[in-house]
Amino acid sequence: MIKSEILKGHSSIPHTDEVIIVCEDGSFQKNGQKTRILGPEQLAPNQVLISDFKQQKLEKEAQKNWDLFYKRNSTNFFKDRHWTTREFEELKACHKFEDQKLTILEAGCGVGNCLFPLLEDLNMFAYACDFSPRAVEYVKQNPLYDAKRCKVFLCDLTKDDLVENVPLESVDVVMLIFVLSAIHPEKMHFVLNNIYKVLKPGKYVLFRDYGLHDHAMLRFKSACKLGENFYVRQDGTRSYFFSDEFLAELFLSVGYEEIINEYVFRETLNKKENICVPRVFLQSKFRKPLK
């Protein structure tokens with residue numbers, strides 16, 4: 001069960017009275033317009049960037065590193081994302097009329113943690129893609145996979161044309177959930193252009209990803225920094241942490257309209273260590289203009 005309450009004056013979030021969502025897992029969530037505010041003791045000192053040679057190597061090996069990630073973790077790393085229909089009302093549109101079928105694209109589907117809960121719940125046809133061959137195979141091997149309701153395919157969103165697998169302007173909703181952060185900032189513009197082509201005019205991209213000053217960002221050491229708000233993990237996978245301004249500029253530069261673009265703050269309770277872990281995500285909605 002989820003309930004709402006007011007949380008005031010917490011040290012790691014802005015001191016404003018806002019609605020907080022208290023979840024069963026002992027976490028707090030709120031939405032807000034401003035990013036998390038840090039004190040001087042929380043800000044990392046100036047960090048030296050990883051060499052250009054190593055950065056180029058990481059870019060070339062991005063697909064391999066994510067494929068190895070799924071080899072190590074199989075389908076067990078991420079929890080199924082049952083919260084998407086709660087957070088994004090556009091996904092529930094097909095419930096209003098029995099014969100209404102939604103067509104979605106999940107760009108960067110991983111092993112289907114977002115895809116399969118949606119297929120169980122909604123009257124929809126889903127396109128889903130990932131650039132890890134292993135992840136794509138895991139999706140196809142899932143007992144819930146039905147080729148009549150879903151088409152999954154291998155695709156590198158930074159260079160492969162989505163139109164080769166998804167008809168032009170055929171999609172009602174594009175899900176971009178914890179995907180863009182794994183892509184080099186210089187290639188994000190191409191990804192959004194790629195998605196733009198298959199999205200119907202007047203329809204939406206639903207976005208959620210890591211926000212600026214998230215706890216995961218502050219844990220990175222100096223040897224992990226690739227650029228401003230861009231880091232590499234020990235396994236070679238990378239993560240960018242978004243500000244709302246950067247994301248808005250990125251989408252608007254491609255031609256989208258901004259509908260919602262706000263931070264989501266969570267306080268996850270670690271009961272074993274009795275500490276609160278502050279998480280910051282960016283949750284947004286952008287629309288392709290009507291012709």
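Buried residues have under 20% relative accessible area, exposed residues over 50%, and partly exposed residues fall in between (1.4 Å probe, protein chains only). The model is predicted, so local features need pLDDT of at least 70 and side-chain atom pairs count only at pLDDT 80 or more, while totals for chains, interfaces and linings use all residues. Residues are numbered from 1 along each chain as its sequence is written, and side-chain values use heavy atoms, with hydrogens and water left out.

View 1. Glu169 is not a glycine, yet has a positive phi of about 50°. Glu169 belongs to the loop between β6 (150–154) and β7 (171–177); helices (H or I, at least four residues) and strands (E, at least two) are DSSP runs, numbered from the N terminus. With a relative accessibility of 26%, Glu169 is partly exposed. Asn229, also a residue other than glycine, has a positive phi near 65°. The loop between β9 (225–227) and β10 (230–232) holds Asn229, which is buried at a relative accessible area of 13%.

View 2. Helix α2 covers residues 62–73, twelve residues in total. The expected span of a helix is 1.5 Å times one less than its number of residues. For α2 this should give 16 Å, and the end C-alpha atoms are 17 Å apart, which agrees. Buried residues in α2 are Ala62, Asn65, Trp66, Asp67, Phe69 and Tyr70. The buried residues of α2 pack against α1 (52–60), α5 (133–141) and β11 (238–240), where contact means heavy atoms within 4.5 Å.

View 3. Rings of Phe, Tyr and Trp (its six-membered ring) pair if their centres lie within 6.5 Å; planes under 30 degrees apart count as stacked, over 60 as edge-to-face and the rest as tilted. By this rule there are 21 aromatic pairs. The ring centres of Trp66 and Tyr70 are 6.2 Å apart and the planes meet at 35°, so this pair is tilted. Trp66 and Tyr70 are four residues apart in helix α2, which means a separation of about one helical turn. Both Trp66 and Tyr70 are buried. Tyr210 and Phe281 form another tilted pair, 6.4 Å centre to centre with 45° between the planes. This pair links distant parts of the chain, 71 residues apart: Tyr210 is in strand β8 (residues 199–210) and Phe281 in strand β13 (residues 275–287). Tyr210 and Phe281 are both buried.

**View 4. The largest nonpolar core and the surroundings of Tyr256.** A nonpolar core is a set of buried Ala, Val, Leu, Ile, Met, Phe, Trp, Tyr and Cys residues joined through side-chain atoms within 4.5 Å. The largest has 50 residues, and Leu162, Leu176, Leu180, Ile195, Phe251 and Tyr256 have the most contacts inside it. Helix α6 (residues 188–198) gives this core its largest share, five residues. Not counting residues up to four places away in sequence, Tyr256 touches Leu192, Ile195, Tyr196, Leu199, Val205, Phe251, Phe286, Arg287, Lys288 and Pro289.

**View 5. An aromatic cluster and two charges over rings.** Tyr196, Phe207, Phe230, Tyr240, Phe242, Phe246, Phe251, Tyr256 and Phe286 are linked into a cluster by ring pairs. A charge sits over a ring if NZ of Lys or CZ of Arg is within 6 Å of the ring centre and within 35 degrees of the ring normal. The charged end of Lys288 is over the ring of Tyr196, 4.6 Å from its centre. Lys151 lies over the face of Phe153, 5.9 Å from the ring centre.

**View 6. Strand β7 and its partners.** Seven of the seven residues of β7 are buried, so this strand is largely enclosed by the rest of the structure. Two strands pair if DSSP finds at least two bridges between them. Strand β4 (residues 102–107) pairs with β7 in the parallel sense over three bridges, and Ile104 is opposite Val173 of β7. The pairing of β7 with β8 is parallel over six bridges, with Tyr204 in β8 as the bridge partner of Val173.

**View 7. Ser239 in strand β11.** Strand β11 contains Ser239, which is buried at 1% relative accessibility. Apart from neighbours within four places in sequence, Ser239 contacts Ser181, Tyr210, Asn229, Phe230, Tyr231 and Arg233.
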